[in-house]
Amino acid sequence: MFKNYLFSILIVLSVNQLINAQLCEGNLGDPVVSIDFGSGQGRGDALGNSVTAFTYVASGELDEGEYTIHNTTSGLKGNAWHVTTDHTGNTNGYMMIINSAVLASEGVFYTKTVSGLCADTTYEFSAWLMNIMNPSIGTDQYHPDVTFRISDTSGNVLGTYNTGDIAQSSSGVWIQYGFFFTLEADTEVVITILNSAPSAHPGNDIALDDISFRPCGPDIITSIDGSLSNSLSVCQDEIVSYNLEANVSSGYDNPQYQWQFSNDFGINWTDISGETYTNYTYTDTSTPGIFLYRLTAANGSNINTENCRIVSDEFYIEIIETPEALNGETEQVFCITQNATINDIEVSDSAIWYSEASGGNPLPGTTLLINGSTYYASKLSYTGCESDERFSVTIEIVFPTLMLNNVTDIVCDTNNDNIEEIDLTLHESEITNCNDCIFSYFLTYSDAENFDEDGYIANPDIYEYTLDQHIIYVRVDSSDNCYQIAEISLEFGETPIIPIEDILSICENEAYITINAGEGFNSYLWSNGETTQSISLTYDDIGSYWVTVEKDYGSYICNSTKEFEVLPSNAAIITSIEIQDWTSNNNTITVILSDTSIGDYEYSLDNINFQDNNVFTNLTPGEYIVYVRDKYGCGLTTEEAYIINYPKFFTPNNDGINDYWYINNYYIEPSMTIKIFDRYGKFLKHLNATSRWDGTYNGKLMPTNDYWFVVTRENGKTYKGHFTLKR
């Protein structure tokens, strides 16, 4: 019998109706009884009248008081039920599905006699339930209220447990319920499951699955050599001694133990002969594979019956098979420039290296290789296990056979901006005479030595060289297994600047133009064959040209070429000036040139500020002079322009200021006519381009007021407006 106080409390609680499930808090044994209703396609067999009072349905939906054995609830009650599989998620796993009804005999819907249990043993009884009602269709009226009862065959109740209302959920949830009970002399019990809900319509429908009995006993705390881990990885034939420890709490008055192992991932377990203590020393690493170990415990002679035992957590031990031997080149050649180490030896797989064929200590990967020495490698698995056989490699260290030259050169800076795109590969023949060498270019010596991608120049034939990068390092890998590093030292040289514009112009009234390429250069070559510093071209020589100059700086020579175009030009001829006026400040002047104006021109209204656009905007009324000049100095053309508008008011009080009303700049359109009216439309005065109104009508002074006018211009356009007479 149990002595442990905790177990005593749990046993007392288990014989009363409980609010919450009382699942085992110690260690459990393997399931003694496991009722999972089987598995298969379609529906399973009926349980029989001795098991349930409900009616079995082999096809179609379930009505009140009916059940079925199926692997899904789909199609059993329209959309009133959740669609679910059994509690393990096995698509073929069966469960008992019940459309509940109010039954006689306490509402018992499942009963079964279970045998093969052990006397003097505490068991955990458990089962999984689901309220399968779907709340989205509004049937949340009655909930399952399930009671589990365990009795002996004489009807004596050994334990009972009530779930209370099992509420609906949005997606259907399996819940495990259970409790403890203790057998003294019995080995057979009766399971009774009843539903105490007051009604079954609508609601109260449930699914039942995975009824099990498992021995329950004290806590078993496991460790390996005192650590918290329960797993080991060891190499095959490795000499080990690990202490598998199982600390069993009090609870049995006569505790007995038995160690077991499994080589099929826990499907079958085998007792280890003679291992009947809480500790087990693990030493056998002869067979590769995965092995599980565990301690079983029971009270007294129950240890001889597996159904009576509780079990510890499993110990996981992997024995890693000894790797096969390495292979590769048994003689390997390295160059003295490599400073080769153990890590540079090439073999077929990961390796651990030694200086002896057997025994000895591993060599660090940074160990420098010695000419004529032999090194021995064991294959190293990803888990750290070594092969039994060691692979030998003999090392030869050689010296470079290729002679290299450093290169110094001047780079002519085309734009004199300390940036130039150059072809570094042009210097390879200067570095060495080698047809099968591999040339690689780097920013630093260390980059070249280690072939570091960060400093690698991927496109040396179009390299953008700057003043900051004084030296380029060239790694030359040759067929003698050696690499060497040469330097290319570069400096910028000044490129001649040719003082010729991109476009030059010959005025039509000039006999020729002289083009000067600049003084101080050692040679000149023009596209027309001339070799002088300057050339002269006539109006008939328009076209595209180039000139190349060369400057000899003593240690190097730089040249430069300038392309330019010679165009004809002349002074502009103004055909017309188009004016958009009759506004206060939003008038425009547009200058129209004749087709014979062949130059490149710019325009101004003040002969100071010029623009490329021939249109002037946002102008106020007034007199303007338009200036048009050829950009290449072939002449300046001018013409007057006038913007007309009318005064908005006048004050005829004989003070000499604004005494008369007239059209501004009237004299440019002599045939212009103006008619003036009062606000009621009465005609008052007729003016021409040169006449003015003094504010009188028939000799009488007109009063302060607004007056209207109609202007007819020479081009026939008519403008209407009004102005104010003030006195």
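This is a predicted model: local features need pLDDT of at least 70, side-chain atom pairs count only at pLDDT 80 or more; totals for chains, interfaces and linings use all residues.
# Notebook: fold, charges and salt bridges

I started with the secondary structure, and the chain comes to three helices and 50 strands. Then I checked how spread out the chain is: its radius of gyration is 55 Å, well over the 27 Å that the globule rule gives for 727 residues, so the chain is more spread out than a compact globule.

**Overall dimensions and surface**

I looked up the extent of the C-alpha trace next, and along its principal axes the trace spans about 145 × 100 × 50 Å. How much of the chain counts as buried? I get 45% of the 727 residues.

**Charges**

I counted 27 positive and 100 negative charges in the chain.

**Salt bridges**

I searched the whole structure and got ten salt bridges. I wrote up some of them.

The D271 entry: D271 pairs with R309, and the closest N and O atoms are 3.1 Å apart. This pair links distant parts of the chain, 38 residues apart, with D271 in strand β17 (residues 270-271) and R309 in the loop between β19 (289-299) and β20 (310-311). Are the two partners buried or exposed? D271 has 33% relative accessibility, so I log D271 as partly exposed. R309 is at 6%, so R309 goes down as buried.

The R713 entry: R713 forms a salt bridge with E669, and here the closest N and O atoms are 2.5 Å apart. Again I have a link between distant parts of the chain, 44 residues apart: R713 sits in the loop between β49 (705-712) and β50 (718-725), and E669 in the loop between β44 (649-650) and β45 (673-677). R713 counts as buried because its relative accessibility is 9%. E669 is buried too, with a relative accessible area of 9%. Which residues are linked in a network with this pair? I find D581, E669 and R713 linked in a network of salt bridges.

The D477 entry: D477 has R475 as its salt-bridge partner, the closest N and O atoms being 3.0 Å apart. I checked R475 for burial, and at 11% relative accessibility R475 counts as buried.

N658 has phi near 55°, a positive value in a residue other than glycine. I place N658 in the loop between β44 and β45, and E669 lies in the loop between those strands as well. N658 has a relative accessible area of 41%, which makes N658 partly exposed.

N698 isn't a glycine either, yet its phi is positive at about 55°. Where does N698 lie? I find N698 in the loop between β47 (696-697) and β48 (700-701). Its relative accessibility is 66%, and exposed means over 50%, so N698 counts as exposed.

Technical notes
Residues are numbered from 1 along each chain as its sequence is written. Side-chain values use heavy atoms; hydrogens and water are left out. A salt bridge is a side-chain nitrogen of Lys or Arg within 4 Å of a carboxyl oxygen of Asp or Glu. Helices (H or I, at least four residues) and strands (E, at least two) are DSSP runs, numbered from the N terminus. Buried means under 20% relative accessible area, exposed over 50%, partly exposed in between (1.4 Å probe, protein chains only). The radius of gyration is taken over C-alpha atoms; the globule rule is 2.2 Å times the number of residues to the power 0.38. Lys and Arg count as positive and Asp and Glu as negative; His and the chain ends are not counted. The place of a charge is taken as NZ of Lys, CZ of Arg, CG of Asp or CD of Glu.
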